[in-house]
Amino acid sequence: MENHIIPFSPPDLTQREIDAVVEVLNSGWITTGPKVGQFEEKIKEYCSAENAVALASNSQSLDLILKVFGLGGNDAVITTPYTYVATSNVILHRGIRPTFVDLKKNSFFMDYGLLSDSITPQTKAIITVDIGGFPVDYNTLKQILKSKGREDILLISDSAHSFGALYQGKRVGSQFDFHVFSFHAVKNLTTAEGGAITFNNHKQDFTKIFKYSSLNGQSKDALTKMKAGAWKYDVLTDGLKCNMTDISASIGLAQLDHYDQKLNHRKALHHLYDKILATKEWAILPPGNAPDRESSYHLYLLRVKGLSEEKRDNIIQELAEIGISTNVHYIPIPMFTYYKELGYSIKDYPNTYEQYANEITLPLYSKLSLEDCSYVAENVIKTVEKNLTANTRKQNQ
């Protein structure tokens, strides 16, 4: 019998997105222009943020913030070792050695006590991560800084996963100094590649600064320069080239039109996984809701009690053999060769390793049907229990 193929996370694109791109291609203007401006306005409105700047990626957005604030080699930036490597790579790009804080035991988030103890006079920024779409407890972080008299520290949320998540009844996007979103192909909302910074007003006009900093430092974008007689421009900083195009923005605008519908379906899938797996003593369910927070349901991060890293990998392979694609979020950053060569060791982050070793990310995307979701859960149960039974037998021999 042929296997039922379940991919891990395909993009959800419709004729609406195709028509939007064709419209831009036919307009004669494909780089940063009116569509990017419209997309930024929609992001501001959706996130209840006062400012939004759309850029080429989440990574470049994070990098740009650190650059604009002038962080450099003598400064310290705290972040989590349990995230995609982009979060810490941007710190290295500024010549700063990242300060990793271990996770709280049995949690995907940094231990706030350890984080507080890690703050030094050199600490200039903290980058948190909303894992799987579930927001960090933003107010607790603010309270820590207030109690230490360090409200000067820049709070940046890597909210790559949490576009549309709720914190105390409000969409994520204005709780910290800056939030950075990803619109990569596998994200809940995609622009193929892309990202955005959202924030409330500061003393400086950071919208303008981010704009020209993303255009090699030049004072005008291409659309403005192309107007008759407006060719002359200045260079205000050693900027990067990381602006979003109108092609990408047009996809994002089309996606936003039915984004809440997609979120509701993701929520239904997440709850169905919970319902089926909650009956199993070995299943550690991921965060989805709390009294003050609700996920955007980007990832379903299942953990399995008593499972070794090797057994976890075997289960992923066995599921792949029957056509079910799963994943792991994340390989801890200190386990990568580059970071080991910098002197980091996973032994210094035991709780981080424990979260990783038995984690399996199940398919969760807006095109996944409830029937296929049940099919995945049932086969995960069969495969996990077969491996757990085999492991018990081996231990008893």
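A bit of bookkeeping comes before the tour. Because the model is predicted, local features need pLDDT of at least 70 and side-chain atom pairs count only at pLDDT 80 or more, while totals for chains, interfaces and linings use all residues. Residues are numbered from 1 along each chain as its sequence is written, and side-chain values use heavy atoms, with hydrogens and water left out.

**Overall build**

The protein has 14 helices and 14 strands. These are DSSP runs numbered from the N terminus, with helices being H or I of at least four residues and strands being E of at least two. Its radius of gyration is 22 Å, close to the 21 Å that the globule rule gives for 397 residues, so the protein is as compact as a globular protein of that length. (That radius is taken over C-alpha atoms, and the rule is 2.2 Å times the number of residues to the power 0.38.) Along the principal axes, the C-alpha trace spans about 80 × 55 × 40 Å.

Of the 397 residues, 54% count as buried. Buried means under 20% relative accessible area, exposed means over 50%, and partly exposed is in between, using a 1.4 Å probe and protein chains only. Take the contacts with a separation of 6 or more: 73% of them come from residues 24 or more positions apart. A contact here means heavy atoms within 4.5 Å.

**Sheets and strand pairs**

Seven strands make up an open sheet with mixed pairing, in the order β1-β9-β8-β5-β4-β2-β3. At its edges stand β1 (51-55) and β3 (99-100), each with a single partner strand, so one side of each is left without a neighbour in the sheet. Another open sheet holds four strands in the order β7-β6-β12-β11, paired antiparallel. Its edge strands are β7 (170-171) and β11 (289-290), each pairing on one side only.

For pairing, DSSP has to find at least two bridges between two strands.

| Strand pair | Bridges | Facing residues |
|---|---|---|
| β8 (178-182) and β9 (195-199) | four | Val180 and Ile197 |
| β6 (166-167) and β12 (293-294) | two | Leu166 and Glu294 |
| β10 (283-284) and β13 | two | Ile284 and Arg303 |
| β13 and β14 (359-362) | four | Leu301 and Thr361 |

**Enclosed elements**

β13, which pairs with β10 and β14, has five of its five residues buried, so the strand is largely enclosed by the rest of the structure. Tyr300, Leu302 and Val304 point one way from β13, Leu301 and Arg303 point the other way, and all are buried.

The buried set includes Asp246, Ile251, Leu253 and Gln255. What do the buried residues of α9 pack against? Their partners are α1 (15-27), α2 (34-47) and α10 (259-277).

Ala192 is not a glycine, yet has a positive phi of about 80 degrees. This alanine lies in the loop between β8 and β9 and is partly exposed, with a relative accessible area of 39%. Tyr297, also not a glycine, has a positive phi of about 55 degrees. Tyr297 sits in the loop between β12 and β13 (300-304) and is buried, with a relative accessible area of 2%.

There's a cis peptide bond too, running from His329 to Tyr330, with omega near 5 degrees. Tyr330 belongs to the loop between α11 (309-321) and α12 (337-341).

**The largest pocket**

Tyr330 turns up again here: along with Tyr84, His161, Val186 and Lys187, this residue lies nearest the centre of the largest pocket, which is lined by 31 residues. Helices α3 (58-68) and α4 (86-93) are the elements that give two or more residues to the lining. By class, the lining has 13 nonpolar, 13 polar and five charged residues. Ala, Val, Leu, Ile, Met, Phe, Trp, Tyr, Cys and Pro count as nonpolar, Asp, Glu, Lys and Arg as charged, and the others, Gly among them, as polar.

The pocket holds about 590 Å³ of space. On a 1 Å grid over the protein atoms alone, a pocket is an open set of points where a 1.4 Å probe fits, with protein on both sides within 12 Å along at least five of seven lines; lining residues have an atom within 4 Å of a point. Grid points are joined across faces, edges and corners, and the volume is the space filled by probe spheres set on the points.
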